Structure formats: C-alpha cells, structure tokens
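Colleague: Hi, could you walk me through this model?
Modeller: Happy to, here it comes.

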Amino acid sequence: MLFKKCPKTGDKIWLTVSLFLSVFGFLKELRPSEPFIYEFLVGTEWRNLTQGQINQQVYPVGTYSYLGLLILVFLITDICRYKPLIVFSGLSGIVVWGMLLYTTSLLELQILEGFYGAFAACEVAYFTYIYAKVDKEYYPQVTSYTRAAILGGRAISGILGQILISVHAMDYRQLNYITFGSMIAATFWSFFLPPVKQSIYFHRDPIPQSLRKKSRSAFGLMWNHFKDGYSSKYLIKWSIWWSLATCGFIQVQVYMQPLWADIVNDPNSPIYNGAVESILTILGFLGTLAAGVLKVDWKTRGELALTCCSLLQGFAMLIASQTDWILVSYICYVVFGTLYHLTITVASSEIAKLIKEDSYGLIFGLNTFIALLFQTVMTLVVVTERVGFALPPRNQYFVYGVFHLILGCIYIIIGLSCWLASKRDYRRASTVPEPPSRTVIIY
C-alpha cells in the first residue's frame with residue numbers, strides 16, 4: 001500500500017498521555033539533593049541534628065505516615081479520578097522541600113516527613129492513571145516510557161548533584177533549591193494532564209448512578225478482583241516475596257546515608273553518594289531490561305532465583321555493615337539494589353500474568369501496603385527508641401542482612417516443598433494402571 005491509514009484517536013491519546021506522564025515523572029524525580037539529605041540535616045551551619053535524632057525521631061515519621069496515608073490515597077484515588085491526587089503529589093513535594101529550606105526546628109522537620117509520606121503515597125495515583133486513561137493494548141508502551149522517564153530523572157539527579165558538590169558549585173543546602181524548583185515545575189505540568197472521565201471502580205459506568213449503587217458496584221468489583229487474584233497459590237508466593245523484598249529495599253535505601261557517614265566519620269572527606277545512586281539507577285534499569293529478555297521458566301526455577309538473589313543481597317548487607325572502606329559499602333549497595341530491580345521485575349511480571357488487567361492497581365497496591373506494614377514493624381523494632389532497640393547504623397544493617405538471608409532460606413524451603421510435591425504427584429500418576437485395551441472386530 002502506498003498510503004498508510006490515518007492514526008486512530010486511541011493512538012493519539014496514548015501518545016499524549018505518555019508524553020505528559022513521562023514529563024511529570026521526570027520532573028518529580030529530578031531531586032539532586034536527596035543523595036545528600038543526611039549531610040544537610042547534620043550540617044552544623046544548617047540543621048545541626050544528631051544521628052540519633054534523624055534515625056529515631058525524623059525518618060520513622062515518614063515511614064508511619066506513608067503507611068497510614070497509602071490506604072486512604074488508594075481508596076480516594078479512584079473516586080477522585082486520579083488527576084487531583086497527582087496534582088496533590090506535586091504540591092506535597094513543594095511543601096516538603098520548601099520546609100527543608102525555610103524551617104529550622106525538629107518539630108517542623110517531623111511535620112515535613114508527614115508530607116513526604118503523602119508525596120510517596122500519591123505515587124499510587126500516578127501508576128494507576130495510565131490503566132484508566134489508556135486502552136489495554138497500549139499498557140506495555142506507556143508503562144515502559146513512564147518507567148524510563150522516572151529512572152532517567154533519578155540518574156540525572158544523582159549525576160547533577162554529585163558534579164555540583166564535587167566542583168564546589170553548590171553546598172548541600174543549595175541543592176534543595178533545584179529540587180524545590182523541580183517540584184514547582186512538576187506541579188505546574190500536572191495541571192495539563194488529560195482528565196479521566198471513567199475510572200476502574202467508582203466511575204466505571206458513564207451512566208449516572210446513585211452513590212449507594214455506585215459504591216456497592218465498586219466494592220463488589222474490588223472483592224472479585226481480590227478473590228480472583230489471591231486464589232492462586234503461585235501468585236501468593238510471588239506476592240509475599242515482592243512485599244518482603246520491597247520492605248527490605250526501602251529500609252536499606254532510607255538509612256543508607258547514615259551508615260556511609262558512620263563509615264567515613266569525617267565531615268571534610270569527599271563523598272560520592274550521588275554518583276553511587278546514579279550507577280545503581282542505570283544498572284537497575286539494565287537489570288530490568290535483562291529480566292524481560294531472559295528466557296527462563298520461572299515456574300520451575302523461580303524459587304531458586306529468589307533464593308540466590310536474597311542470599312546475595314543478605315551477604316552484601318552484612319559486608320556493608322562491617323567494612324571500614326566506604327568503596328566496599330558503595331559496591332555492596334549497588335549490588336544489592338541491582339539484584340532487587342532484577343528480581344522485582346520478574347516478580348511483577350509473574351504476578352501480572354495471573355491477574356486481570358483492571359486489577360493491577362488493586363493487587364500491587366495491596367502488595368505495597370503489606371511491604372510498608374512489614375517496614376513499619378521493622379522500623380519500630382530496629383530503629384525507634386523506647387519501643388525498639390534503637391540500633392546504631394552498623395547494627396541496623398547487620399539485621400537487614402540477616403533479614404534477607406532468612407528470606408532466602410524461606411524460599412529454599414518453599415522450593416523444596418514444591419519439588420517434593422511435584423515428585424509425589426508424578427509417582428501417583430505413574431502408578432495408576434492403564435485401562436485395558438479393547439479389541440475392535442470389524443465385520
């Protein structure tokens with residue numbers, strides 16, 4: 001054919017949504033101050049907080065608020081049709097970095113952490129917006145583009161922050177101005193996102209309905225998606241690992257900078273947190289691509305892969321917790337994060353194969369909630385004073401290493417149980433006598 005058909009309206013919509021979401025995701029992740037936030041908080045010329053105050057009184061507030069707000073955000077995201085929550089995410093980012101720049105007290109920093117929990121919880125709206133706005137046939141393309149934009153923003157943030165610090169063009173506080181400006185730009189851009197007329201649950205039917213009927217239909221559909229998803233033992237197995245691994249990764253990422261500061265133990269020594277975060281982001285992206293390319297039967301080899309990766313992550317954290325060389329700790333962190341991105345991509349794809357496309361947000365939202373629930377318990381036990389042990393950074397990371405070793409051992413047991421069960425079923429099948437053959441006489 002000499003002439004191609006004109007693109008459909010759906011083609012234009014998914015391209016537009018991809019562009020707007022990708023730009024918002026890039027701007028939201030452009031935060032060059034984050035790899036150096038701990039140095040900013042302990043800096044004598046700025047916040048002048050102690051390590052104990054940051055670890056036990058500041059960071060945990062963000063964890064608790066994230067958990068508390070996630071369920072609320074998840075419920076109202078569909079009711080509000082996604083876009084208002086995306087805008088609120090940007091506004092929360094403005095409040096967070098505005099308070100970092102223009103407040104000084106510990107109480108104000110704790111309030112700031114509450115807004116950071118809202119900022120993180122509203123990511124649910126960002127990732128479920130595409131499933132309500134775009135046709136199902138374009139899910140893979142939009143997902144890949146938005147994911148690439150987020151990773152690109154993180155990588156550039158780390159590189160930019162590291163360069164500005166290394167050449168002494170900016171100090172740790174001044175980096176927050178770039179992040180603050182990026183939050184303003186992201187919020188401004190979010191107003192131009194196309195509105196969503198129909199949602200997955202509460203606004204599924206374009207015909208006006210009473211609130212009672214609409215709620216009954218929405219919660220009924222949620223329950224059906226929940227039953228359909230978690231009725232599979234295979235999905236439960238991958239979901240448990242997904243939640244536990246995500247819990248461990250978030251906890252390691254949140255408290256990594258205090259560990260590095262404890263290892264260096266010299267405020268005048270150069271640090272390379274931004275470069276390390278960039279390397280991790282790039283390798284994580286490559287790991288994500290590798291997970292999509294690898295031709296592996298994960299049903300038979302999934303437990304082995306999860307076991308090996310969890311054990312390697314555990315040993316990496318044990319080494320990072322005991323070493324006196326910051327370079328070794330950097331390498332351990334990069335190895336840990338790369339393995340996480342590889343395996344979490346595999347787990348996500350295996351889960352997605354077993355659920356309906358409309359239930360992606362529900363299933364992964366519940367898995368995220370379970371991950372945060374475990375993280376909250378771990379924070380209470382390991383980090384928080386009076387309630388838990390309030391361990392110093394090195395001891396904390398020793399616990400995180402043991403946590404991943406235990407996770408690996410659990411999946412060794414699960415793998416052996418599945419293997420023995422399959423052998424038992426095979427033997428039963430082989431011992432069933434075959435029916436006697438019949439002789440057919442043809443006249």
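Colleague: How do the residues lining the largest cavity divide into nonpolar, polar and charged?
Modeller: The lining has seven nonpolar, three polar and two charged residues. Here Ala, Val, Leu, Ile, Met, Phe, Trp, Tyr, Cys and Pro count as nonpolar, Asp, Glu, Lys and Arg as charged, and the others, Gly among them, as polar. Before we go on, this is a predicted model, where local features need pLDDT of at least 70 and side-chain atom pairs count only at pLDDT 80 or more, while totals for chains, interfaces and linings use all residues. Residues are numbered from 1 along each chain as its sequence is written, and side-chain values use heavy atoms, with hydrogens and water left out.

Colleague: Thanks! How many cavities does the search find?
Modeller: There are two cavities of 30 Å³ or more in the whole structure. On a 1 Å grid over the protein atoms alone, a cavity is a set of points where a 1.4 Å probe fits but cannot get out, and lining residues have an atom within 4 Å of a point. Points are joined across faces, edges and corners, and the volume is the space filled by probe spheres set on them.

Colleague: What volume does the largest cavity have, and which residues line the largest cavity?
Modeller: Its volume is about 120 Å³. The lining consists of F74, T77, D78, Y82, V124, T128, I200, Y201, M222, D358, G361 and L362. Two or more of these residues come from each of α3 (51-80), α6 (123-133) and α15 (360-383), with α3 giving the most, three residues. Helices are DSSP runs (H or I, at least four residues), numbered from the N terminus.

Colleague: And the second largest cavity, what lines that?
Modeller: That one is lined by L70, I71, F74, G365, L366 and F369, and its volume is about 40 Å³. α3 and α15 each supply at least two of the lining residues. By class, the lining has five nonpolar residues, one polar and no charged.

Colleague: Switching to pockets, what is the volume of the second largest pocket?
Modeller: About 790 Å³. Among the 28 residues that line the second largest pocket, E39, Y172, D266, P267 and N268 are the closest to its centre. A pocket is an open set of points with protein on both sides within 12 Å along at least five of seven lines.

Colleague: Which element gives the most to that pocket's lining?
Modeller: α11 does, with four residues. At least two residues each come from α2, α7 (139-166) and α11 (256-264). The lining has 14 nonpolar, nine polar and five charged residues.

Colleague: What does E39 touch, then?
Modeller: E39 sits in helix α2 (residues 37-42). Leaving aside neighbours within four places in sequence, E39 is in contact (heavy atoms within 4.5 Å) with W46, Y172, Q257, A261, I271 and N273.

Colleague: New topic: is R386 buried or exposed?
Modeller: R386 counts as exposed because its relative accessibility is 86%, and exposed means over 50%. R386 lies in the loop between α15 and α16 (393-431), and its phi is near 70°, a positive value in a residue other than glycine.

Technical notes
Buried < 20%, exposed > 50% of the residue type's maximum accessible area, 1.4 Å probe, protein only.
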